[in-house]
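Trainee: I would like to go through this structure one element at a time. Could we put it on the screen and begin with the sheet?
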Amino acid sequence: MRARHPDSEGFVESEGLSIGYEVFGGGDVTLLLLPTWTIIHSRFWKLQVPYLARHFRVITYDGPGNGRSDRTVEPQMYSLAAQTSHAIDVMDATDTAEAVLVSLSMGSMWSLMLAANQPDRVLGQVFIGPSLPITPPAAARAGIEDAFWAEQIAPQGWDKYNAHYWQTNYEDFAEFFFSECFPESHSTKQREDCVGWAMETTSEVLVAKARVDDVNHETVVDWCRRVTSPALVIHGDDDRISPLSRARRLAEATGGSLVTVQGGGHIPLARDPVLVNLLIKDFADRLPGRQKTPA
Amino acid sequence: MRAREPDIEGYVDHDGVPVYYEVHGTGEPTLMLIPAAPITHSRMWKALVPDLARRYRIITIDGRGNGRSGRPTDPESHSRAANVADIVAVLDATDTDRAVLVAHCHANGWAIEAIAANPARVSALVAIDPGIPYLGKPQPHWVETGPHWGEVIENPSGWQLNNRHAITTQHRRWVEFFFGEQLVEPHSTKQYEDAVSWALESTGEILAAGDDGFEIDFPDRETVEAVCRDLRIPTLVIHGDLDVCQHVERGKTFAEITGGELIVIEGAGHLPLAREPVKVNRAITKFVDRIEGVPMRQHTWRRGLSRRKRVLYVSSPIGLGHARRDVAIAKELRKLRPDLEIDWLAQDPVTRVLEAEGETIHPASEWLASESAHFASEATGHDLHCFQALRRMDEILVANFMIFQEVMEEGLYDLSLGDEAWDIDHFWHENPELKRGDHVWMTDFVGFLPMPSGGDHEEYLTADYNAEMIEHIARYPRIRDLALFVGSPDDIVPEVFGPGLPKIRDWTEEHFQFSGYITGFEPPTDDEMASWRSQLGYGEDEKVCVVTVGGSGVGRDLLEKVIAAYPLAKQSMPELRMVVVAGPRIDPAGLPTHDGLEYHGYVHGLYRHLAACDLAIVQGGLTTTMELAATRTPFLYFPLRNHFEQNYHVRHRLDRYRAGRYMEYAVTEPEAIAAEIIARAGAPVDYLPVETDGAAKAAKMIADLI
């Protein structure tokens, strides 16, 4: 049973795809909880939604390729431009003029691009475990994009990040990937949840997504420069997907605050939900001019 | 001593009345604190300024008619317009484009008019027990007495004193009655004394003129409501529900009409800024940070299971007495819990000992207001009224508690150890929801005792403080996870806490664990003693008398008296040599010189001198006298006058150990001191042995919590 069911839900047609969204609670401020790599879908916010929805209006949606959204294998549907369109289309469909964007991992790129290009729709940004090319990737993951298309025999570790391997061993890859995401001891449930959500999509979807070119460093730096709204970055110092240096640089470049989770991995929102919930609320409460003034 | 001195002071004067202001700190935004003059002045904010000034830029203002501002007696000079003009003039004089106003009582009436006339200059208003006319309902006593304001009432009493003639002619009576009514909270003696004394810095004539001035061009209800509705800035209202000056409905209505936030403090009267400073500081900080969008500070949070165990040790900074025993406990604690991290929140001079020991001093320590300097400032001659000094330290205790609380919240400590850390113990009992981690309270005495010089009133005050402490612990036994008495049950004075209160010993035995005394050192063996004596150059055929008054500036009077005894004693004891350790703060220049008398500013390892000498002459502090008891040195001790701890608690303990000779400074002449020197220098002693396992015992009890 879900701890909280949506107050409204629906689908929006975005770039020719059907995107499923949910709306919870009410309040002066809307939090848009963005999707991340489509290996998981919007249920990864399950520990945030019930709490945040008591204080804010909360919107989640499934990115293309998972959850209730279409499983397209058209790479362009996973491009930056498409991803930010999905976010804007969901905001429009829910009459959301402006929102705080909350993102995990690669969702940070879509958040930043929106904040830079459509600042009037973004009140602020919370980045959790941001993964974006603002500093080099972790050593263990360097070069994995290059090896992605190469055929490998019995790959181990990050070599499993491989299009051919996924065709036959997608579940094994998911188990490997989420064990890297959760280096914290006693994380069985969090790994199971994520692998379960991964099984709701297919390796073909993830391969299609991988065909889209990533954003480059210069663009990210330019986005940061143009961001004017407040930012908060939450990052584990044992994040094996995206190094802490990225969070530091992102906080610096956006003038945001940084909370380091010592002993934390890539997905603190699942592993340290109380901390993350309180930080998101505190951040949203501190947005300038939050108190309503009488008309 | 104030907890914080202003960075800038100045006056504005736009109509011939000088108005004083102070600026504290340099943060953003600026907060201007506006008192309800002329019945009070800016010191009313003393419990808030040090905390808020660590984050923001704080401007305080003495409203006209009190404090360091002018004392006009005509009502026109106290008009609302004049007070509003003062606010704007101080903003101008301090180059403040925009500020958050924080006002108390009727100063909120000035604040809203200032905002209405200068909307761009004010970003928010914190209204504490706001006295905005017409809103909510007035207190009935104002309604009843208002019409008789201008009459002459025969023998007025109670609220009838709210009358121009009565206030003018019986100012003190009115002020005492008024603040007595406002401070509905039990145990508010200090807040009451403060409020009355600040009021009495002005006069009844001025206070009456202030009331008349507020009424000039008095707006009608519609105007006031329209001003409130049109404020269009965030507001925070803080109001005591037992406020008998401004009805809580007034604050609620003001919050409603301005669309603001409301914090009702239940059980509180009209002065939460003085009586609930921790709550008010935190409420203001939270509000300002939020409405100004002050970003959260960078911080690190360590996952629960990956934390090492951490202790924050808060060592009482009043003198050096506690530092050595605390270091000894920390060392024993590490033996039992080798992985334990211990950080110290401590001040000079304790930090010198800690640094020498290689202990880790928390960087927030440098923000602490100096309790040691406060006590030094309270001493005159051979006199230190330590109970009143502690009471007058109230603003320092609030300021330091706020720092402690932040350190505990951010440092994720498992346990705090407070060796006579009064601020933690008091304010966690007053604000129990703020407690973090386990807490160990340590002390070497229990019970405030009145000195005879204070008469009945001091008996009442000490009993009230004791009663509050007893109630605190009865209501919140969970605050002190361990209460450690550094000593034994027999060290407790055979007194009661006050009329109708328990016997101190019974209550303490019930509520404390006992570690035995903790000297913090191993007593020297006979061989060590002999070798120290020769190392120090104290001859076999000499009688060496060491005189020391510790590191404080208090003690010159005692030194002079003892030195005057030296030539007298020397006549009958030619082998007498007197070594005077004046300490770093007393200049020996100007003290008499004699053959065989020497002065030292500082000696390294003073305890070796005290152990190896034939007689020590000291003040009545516990640490030094108990060191002498432990080393079995003959000694004379002179407790500071009016120092209840030295005169009662320490003396009782020393009597139990049969250690030392009590001397009363005021009635002892040099001849008597000379006679004691001759009788006791080098004489055998029959002291009870002092425990050597106290630190280990204490550490064991503490370790059980970790």
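Trainee: In what order do the 8 strands of the open sheet in chain B stand?

Mentor: This is a predicted model, so what follows was computed from predicted coordinates. The pairing in the sheet is mixed, and the twist averages 20° from one strand to the next. The order of the strands in chain B is β1-β2-β4-β3-β5-β6-β7-β8.

Trainee: Which strands of chain B stand at the edges?

Mentor: An edge strand here has a single partner strand, so one side of it is left without a neighbour in the sheet. That applies to residues 8-12 and 261-265 of chain B, which are β1 and β8.

Trainee: Which residue of β4(B) stands opposite Y21(B)?

Mentor: Strand β2 of chain B covers residues 19-24, and β4 of chain B covers residues 57-61. These strands pair in the antiparallel sense over 4 bridges. Opposite Y21(B) stands I61(B).

Trainee: Which strands of chain B does helix α10 of chain B touch?

Mentor: Helix α10, residues 248-258 of chain B, packs on the sheet. Its direction makes about 165° with that of β7(B). The strands touched are β6, β7 and β8 of chain B.

Trainee: Turning to chain A, are α3(A) and α8(A) parallel or oblique to each other?

Mentor: Helix α3 (residues 107-117) and helix α8 (residues 217-226) of chain A pack with their axes 8 Å apart, at an angle of about 50°. Angles under 35 degrees count as roughly parallel, and 65 to 115 as roughly perpendicular. The angle of about 50° therefore makes α3(A) and α8(A) oblique.

Trainee: How many nonpolar residues does the contact of α3(A) with α8(A) have?

Mentor: From α3(A) come L112(A), M113(A) and A116(A), and from α8(A) come V220(A), W223(A), C224(A) and R226(A). By class, the contact has no polar and 1 charged residues. The nonpolar residues number 6.

Trainee: Which element gives the most to the side of chain B that touches chain A?

Mentor: The contact between the chains takes 23 residues from chain B and 24 residues from chain A. On the chain B side, α12 (277-291) and β9 (299-302) each supply at least two residues. With 4 residues, the element that gives the most is β9(B).

Trainee: Which residue in β9(B) stands opposite V261(A)?

Mentor: Strand β8 of chain A, residues 257-262, pairs with β9(B) in the parallel sense. The pairing runs over 4 bridges. Opposite V261(A) stands W301(B).

How values were computed. Residues numbered from 1 in each chain as written. Chains lettered and ligands numbered in written order. Predicted model: local features only at pLDDT ≥ 70, side-chain atom pairs only at ≥ 80, totals over all residues. Pairing = 2+ DSSP bridges. Axes fitted to C-alpha atoms, helices over the stretch in contact; angles between N-to-C directions. Contact = placed C-beta atoms within 7 Å. Parallel < 35°, antiparallel > 145°, perpendicular 65-115°, else oblique. Nonpolar A, V, L, I, M, F, W, Y, C, P; charged D, E, K, R; others polar.
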